[in-house]
Amino acid sequence: MTAQAVHTGAGPKALRAVALAATVPYFVLKSAWLSGSRVGIPDGSPLLEQGTFLAVANAVTLAMDASVIVLVLVLTRPWGMRVPSWLLTLPAFVATGLLTPILFAFPAQLLIRAAGQGGQAAAGEAARSFLDPWVFTVVYTGFSVQGLALAGLFVPYARRRWGRRWQGVPGRGLPSPTGVVAGAAALGGLVIAAVHLYWAFGGTAGLGEERAAAARSALTGVVSGVHAMCVLAAGAGAVLLARGGSRAAWWPSALTWTGSAAALCWGLWQWIASLGPQLDGGEPASAAVRAIYAGQMITGICAAAVLTRFLVPRREG
């Protein structure tokens, strides 16, 4: 099969169209807000008092959505196979990290709402207090579709381009220093996951008054549960890669990639957001919450370092 045929088949074309279409709602909304439009923003919303932080945040997230368009083209055009690995790996890692928790949490929240079990304080309700209700649904539906379509495009691309790196078995374990880093990822994953699960089941220690009220909602709980799952995946995958063995190498690699990306990217995103003004007018994040965000980042960094140490020596000659 030629490279041209691989990249222009009916399946990739359909997924490309779906992924590109899914970027449109967010791209249009962010562009409108940067232009001064009030679409989706109700009267009295703090977003109407747009300051430098919000303008920069809108510009950055708009650029991130635009990068998804570029990523889709790289994954589906013949010239995409010639893009330097480092230039592709970073946006693919960030996309994996930011979209994976949404892919799990958002459908679960929809099911919880459909069952009438959402409660009053829910994940996304803060967004609804300063955005019209339809914005949250439209945007996160788009993100979910993006995640599924990108996964469907990235996996076959990675198999064609880097398949030899994660084919076969891990074999001998990685050097001891890497094992220490994997142990740190595992320990961090366990600690951070325990805290997230505590919050997921209604625990309120370390949370401010408003966040404590939200923690009693099933919708907020499922988000914490997903973050716990991601940091556990990062730690478990790192340990499996460091230990080596006779299992198929692809699945601990995929586990570590996904878990470390989600832990690092969401931890960093939430930590940065906690340092700026609270756009919903709520209370700022407590020191304990910020520490958990930092812990997610550290866990993700450690797991990603183990994955890199595993893959680099296996690169094709």
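This is a guided tour of one protein chain, taken selection by selection, in a predicted model.

**Whole chain**

Start with everything selected and coloured by secondary structure. Of the 317 residues, 44% are buried. If contacts between residues at least 6 apart in sequence are drawn, 83% of them join residues at least 24 apart.

**Helix α2 and Tyr26**

Select residues 10-34, which make up helix α2, and pick out Y26 within that helix. Is Y26 buried or exposed? Its relative accessibility is 15%, and the limit for buried is under 20%, so Y26 counts as buried. Next, show what surrounds Y26. Leaving aside neighbours within four places in sequence, Y26 is in contact with T61, D65, V139 and F143.

**Helix α3 and Asp65**

D65, already seen as a contact of Y26, is the next selection. This residue lies in helix α3, residues 52-76. Leaving aside neighbours within four places in sequence, D65 is in contact with T23, Y26, F27 and Q146. What is the nearest side chain of opposite charge to D65? That side chain is K30, 9.7 Å away. A salt bridge needs a nitrogen and a carboxyl oxygen within 4 Å, and D65 is buried yet has no salt bridge.

**Arg38 and Asp43**

For contrast, go to a charged pair that does meet the criterion. Side chains of opposite charge can pair when their charged atoms come close. Select R38 and D43: they form a salt bridge, with the closest N and O atoms 2.2 Å apart. The count of salt bridges comes to one. How exposed are the two partners? R38 is partly exposed at 42% relative accessibility, and D43 is exposed at 66%.

**Tyr157 and Trp162**

Return to the aromatic side chains. The count of aromatic pairs comes to nine. One of them is Y157 with W162: the ring centres are 5.8 Å apart and the planes stand at 70°, so this pair is edge-to-face. The reasoning takes two cut-offs, since centres must lie within 6.5 Å for a pair and planes over 60 degrees apart count as edge-to-face. Colour both residues by accessibility. Y157 is buried, with a relative accessible area of 0%, and W162 is buried as well, with 13%.

**Cysteines**

C265 counts as buried at 11% relative accessibility. C302 is also buried, with a relative accessible area of 16%. How many disulfides are there to display? The count comes to zero.

Definitions and conventions
Residues numbered from 1 in each chain as written. Predicted model: local features only at pLDDT ≥ 70, side-chain atom pairs only at ≥ 80, totals over all residues. Heavy atoms only, no water. Phe/Tyr/Trp six-rings, centres within 6.5 Å; stacked < 30°, edge-to-face > 60°. Buried < 20%, exposed > 50% of the residue type's maximum accessible area, 1.4 Å probe, protein only. Helix = DSSP H or I, 4+ residues; strand = E, 2+ residues; numbered from the N terminus. Lys, Arg positive; Asp, Glu negative; His and termini not counted. Contact = heavy atoms within 4.5 Å. Disulfide = S-S within 2.5 Å.
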